[in-house]
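Subject: Structure handover

Hello,

Here is the structure we spoke about. Please open it alongside this email. My notes come after it.

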Amino acid sequence: MDNGLVTSDGTKVLTVAEYDQFVNFIPMKFRPIFEVNTITGLRYVELQRLHDHEEWYYTERNQIILPKEAQRKIKQKLVKRTIDKLPATFPYLFKAFLECKRPPARNTWFEDLERWSYKASITPKVNPKTPRKTIESWMLKAGIPEIEIYSRQGHDPITSLRHYQSLSFTNYEMKDIEKRLIEWGILTR
């Protein structure tokens, strides 16, 4: 299924229907990795580091606070980054994530995502950037203030403008996005 939702760097952005379809083809032992990656919008390397540092998740506040060493991005200027507005069920998902083996090497994960894309009939194929770009796109299109997205995702407004604002979801897809973001605690109406 090709919906034409691709960022300027060629990364596939999923609709909610595609996300649900894709997740059904992920083996259960890997599913929490993909779900945590999508809900948090972490870079894949940050997700790997989070698995090694469960102390970065604060259960009482239902937040992930990434210290500078978690990010290690060349252009990174933030001392820390807070990922909040997580679902009420996130503690259970995070526990399942920690019980998984460490997220695999990026090239292995890329191959896994490619295989599951083929099985789910998703084209272009999902890649390690897809979860992050998907949640950012959904948040931007749902009207979440850009400053909240930038600070949550750890990049500047120009990056967002360049990658996401040209994407166009149908009205039906937007209703699905808003419903899912409300379910995940990211959007309030």
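Below is what turned up, from the overall layout down to single residues.

Please keep in mind that this is a predicted model.

**Overall layout**

The protein has 10 helices and 3 strands. Read from the N terminus, the order is α-α-α-β-β-α-β-α-α-α-α-α-α. There are 189 residues, and 51% of them are buried. The accessible surface is about 9,500 Å². Carbon and sulfur atoms hold 55% of that surface. Take the contacts with a separation of 6 or more: 66% of them join residues 24 or more positions apart.

**Salt bridges**

Side chains of opposite charge can pair when their charged atoms come close. How many salt bridges does the whole structure hold? The search finds 13.

Start with Lys12 and Glu18. Their side chains form a salt bridge, N to O at 3.2 Å. Are these two residues buried or exposed? Lys12 is buried, at 1% relative accessible area. Glu18 is buried too, at 0%. Both values count as buried because the cut-off is under 20% relative accessible area.

Next come Arg102 and Asp52. Their side chains meet in a salt bridge of 2.9 Å, N to O. This pair links distant parts of the chain, 50 residues apart. Arg102 is in the loop between helix 5 (90-99) and helix 6 (106-120). Asp52 is in helix 3 (residues 44-52). Arg102 is partly exposed, with 41% relative accessibility. Asp52 is partly exposed as well, with a relative accessible area of 43%.

Then there is Lys125 with Glu114. The closest N and O atoms of this salt bridge are 3.4 Å apart. Again the pair links distant parts of the chain, here 11 residues apart. Lys125 sits in the loop between helix 6 and helix 7 (130-141), and Glu114 sits in helix 6. At 36% relative accessibility, Lys125 is partly exposed. Glu114 is partly exposed at 35%.

Finally, a network of salt bridges links Asp9, Lys129 and Lys133.

**Aromatic pairs**

A pair of aromatic rings is described by the distance of the centres and the angle of the planes. The count in this model comes to 13 aromatic pairs. Two stacked ones are worked through here.

Tyr19 and Phe34 are stacked, with 5.8 Å centre to centre and 25° between the planes. Tyr19 is in helix 1 (residues 16-23) and Phe34 is in helix 2. The pair links distant parts of the chain, 15 residues apart. Both Tyr19 and Phe34 are buried.

Tyr44 and Trp109 are also stacked, at 5.8 Å centre to centre with 10° between the planes. Tyr44 lies in helix 3 and Trp109 in helix 6, so this pair ties together parts 65 residues apart in sequence. Tyr44 and Trp109 are both buried.

Tyr19, Phe22, Phe34, Trp138 and Trp184 form one aromatic cluster.

**Helix 3**

How many of the 9 residues of helix 3 are buried? The number is 7, which leaves the helix mostly covered. The buried ones are Tyr44, Glu46, Leu47, Gln48, Arg49, Leu50 and His51. What do they pack against? Their partners are helix 2 (31-40), strand 2 (63-67), helix 4 (68-71), strand 3 (80-83), helix 5 and helix 6.

**Ile186**

Ile186 is in the segment after helix 10 (171-183). Ile186 is buried, with 3% relative accessibility. Which residues does Ile186 touch, leaving out those up to four places away in sequence? The contacts are Ile39, Lys85, Ile135, Met139, Ile144, Arg152 and Leu181. Asp84 is 102 residues from Ile186 along the chain. The C-alpha atoms of Ile186 and Asp84 are separated by 8.0 Å.

Best regards

Technical notes:
Residues are numbered from 1 along each chain as its sequence is written. This is a predicted model: local features need pLDDT of at least 70, side-chain atom pairs count only at pLDDT 80 or more; totals for chains, interfaces and linings use all residues. Side-chain values use heavy atoms; hydrogens and water are left out. A salt bridge is a side-chain nitrogen of Lys or Arg within 4 Å of a carboxyl oxygen of Asp or Glu. Buried means under 20% relative accessible area, exposed over 50%, partly exposed in between (1.4 Å probe, protein chains only). Helices (H or I, at least four residues) and strands (E, at least two) are DSSP runs, numbered from the N terminus. Contact means heavy atoms within 4.5 Å. Accessible areas come from the Shrake-Rupley method with a 1.4 Å probe; for residues, only the protein chains shown count as cover. Rings of Phe, Tyr and Trp (its six-membered ring) pair if their centres lie within 6.5 Å; planes under 30 degrees apart count as stacked, over 60 as edge-to-face and the rest as tilted.
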